[in-house]
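Take a look at the sequence and the fold below.

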Amino acid sequence: MTSLIPRRLMWIVSAALLPLAAPAQDFNAAPPNAPSQSPAFPGQTRAPVISSAEPAQQVIARLDSPWGMAELPDGGWIVTEKAGRLRIVSPEGAVSDPVAGVPDVDARGQGGLLDVVLADDFATSRQLFWSFSEPREGGNATAVATGILSPDGTALSDVRVIFQQNPAWNSDKHFGSRLVLDGQGGLFVTTGDRSVTQARPLAQDPQSGLGKVIRIDLAGGSAEVWTIGHRNIQSAAIAPDGWLWVVEHGARGGDELNLIEKGKNYGWPVASYGVEYSGGPIGQGATQAEGTEQPVYYWDPVIAPSGMAFYDGALFPEWQGDALIGGLRGQALVRLKIEDGKVTGEARHLQGQGRIRDVTVARDGAVMVLTDGPGGALIRLTPGEDA
């Protein structure tokens, strides 16, 4: 586990502009890991590259391995740090001490304090929700908690866990864990298959919480399996038309963009693009299987997705309605043009500048990204001079 950065090194760069990235290369030129596989329909992978100007970047704050964020009513940000710290970043970029009252997390590997969202009525209720890897008997598992943030932003009260993934597993990987409010009284939670060979089949078992999209009824408290057959979903967002989209990690190849429909099976591990990390086939090597859904789009090589938003703002009119996806291995902000349910173009911004862990759109139309790791940052993107 990476050692924590001392608090005195959590510096603020509230007005520094980073240099613009070099012109994007043709990322579609990279050879696939599974050259013998073919897409199920035209345009399912390697969409045409969109030519687009690079945005200007302003570092708002430095953070230690940030994972998720949400905009506060005053224009500040609430941000999770993987080690288990919840922090408030002011509109000017000042980083608070850790918020008190966060439950213990298992921060090994990919685990820790993960996503965070504000209740729709946060301005009056001060309620928020967060996901985390919960230490449990038998190992750990993805969990979701809720609590009330104090008026001064220093502490949580009335904390309770409202969802626990079952079964728990002794693993430090594949927690999934994006949270999305659906605007209809529900909270979507994404989970992973825990990256253990013996656990993989449970992604196909509707009685388990592994490899699923879950919907929590916030009024009644019940949790319902919404979809099955996922590997590890770390990107999720509601599109302008109200549909939920997710992007899940493949192995070597096979990151998938999926349109989520209740009751559907998205294939893992029965059908998948890409190959095992060893280079061998995944299962029987099938990319299609009866009763499973095909991804709208897939990547081979992978981008390693984390974080997602649909652009709806005034600053980037040419991005309107586009999907914005953080790329960890891809080290880029991936932008997809989606028309009539199909991907018609792809652009990559900030290429090579760092692993992008989360992305969202601020109320003023700026795009906000979190970069991963001990030297992570909250960065504000606005149109560049040539945009």
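## Ground rules

Two strands count as paired if DSSP finds at least two bridges between them. Helices (H or I, at least four residues) and strands (E, at least two) are DSSP runs, numbered from the N terminus. Strands of a sheet pair through backbone hydrogen bonds, either parallel or antiparallel.

This is a predicted model, in which local features need pLDDT of at least 70, side-chain atom pairs count only at pLDDT 80 or more, and totals for chains, interfaces and linings use all residues. Residues are numbered from 1 along each chain as its sequence is written, and side-chain values use heavy atoms, with hydrogens and water left out.

Strand 10 and strand 11 run antiparallel, joined by three bridges. They form a hairpin with four residues between them. Gly183 sits in the turn and has a positive phi of about 75 degrees. Leu181 lies in strand 10. Its bridge partner in strand 11 is Leu187.

Strand 11 covers residues 186–190. Five of its five residues are buried, so strand 11 is largely enclosed by the rest of the structure. Buried means under 20% relative accessible area, exposed over 50%, and partly exposed in between (1.4 Å probe, protein chains only). Both faces of strand 11 are covered. Gly186, Phe188 and Thr190 are buried on one side, and Leu187 and Val189 on the other. Strand 11 also pairs with strand 12 (residues 213–217), antiparallel, over five bridges. There, Thr190 stands opposite Val213.

What does Leu181 touch, not counting residues up to four places away in sequence? Its contacts (heavy atoms within 4.5 Å) are Val117, Leu118, Ala119, Asp120, Gly186, Leu187, Leu218 and Ile238. Val99 is 82 residues from Leu181 along the chain, and their C-alpha atoms are separated by 23 Å.

## The sheet 14-15-16-17

Four strands form this open sheet, in the order 14-15-16-17, with antiparallel pairing. Strand 14 and strand 17 (297–299) are the edges. Each has a single partner strand, so one side of each is left without a neighbour in the sheet. The twist averages 15 degrees from one strand to the next. For such angles, axes are lines fitted to C-alpha atoms, for helices over the stretch in contact, and angles run from 0 to 180 degrees between N-to-C directions.

Three bridges join strand 16 (residues 255–259) to strand 17, and the two run antiparallel. Asp255 has Trp299 in strand 17 as its bridge partner.

## Ser235, a buried serine

Ser235 is found in strand 14 (residues 233–238). Is Ser235 buried or exposed? Ser235 is buried, with a relative accessible area of 0%.

Its side chain makes two kinds of polar contact, listed next. A polar contact is a pair of N or O atoms within 3.5 Å; within protein, one must be able to donate a hydrogen and the other to accept it, and residues adjacent in sequence count only if both atoms are side-chain atoms. The Ser235 side chain reaches the backbone nitrogen of Ser306 at 3.2 Å. It reaches the backbone oxygen of Gly307 at 3.2 Å. Beyond neighbours within four places in sequence, the contacts of Ser235 include Arg178, Trp245, Pro305 and Met308.

## The sheet 18-19-20-21

Another open sheet has four strands in the order 18-19-20-21, paired antiparallel. Strand 18 (305–310) and strand 21 (342–349) are the edge strands, each pairing on one side only. The twist averages 25 degrees from one strand to the next. Seven bridges join strand 20 (residues 332–339) to strand 21. Lys337 stands opposite Gly345 in strand 21.

Leu333 lies in strand 20. Leu333 is buried, with a relative accessible area of 0%. Leaving aside neighbours within four places in sequence, its contacts include Trp319, Ala347, Ile356 and Leu381.

## Strand 2 and strand 24

Strand 2 spans residues 56–63. Six of its eight residues are buried, so strand 2 is largely enclosed by the rest of the structure. It pairs with strand 24 (residues 376–382), antiparallel, over seven bridges. Leu63 stands opposite Gly376 in strand 24.
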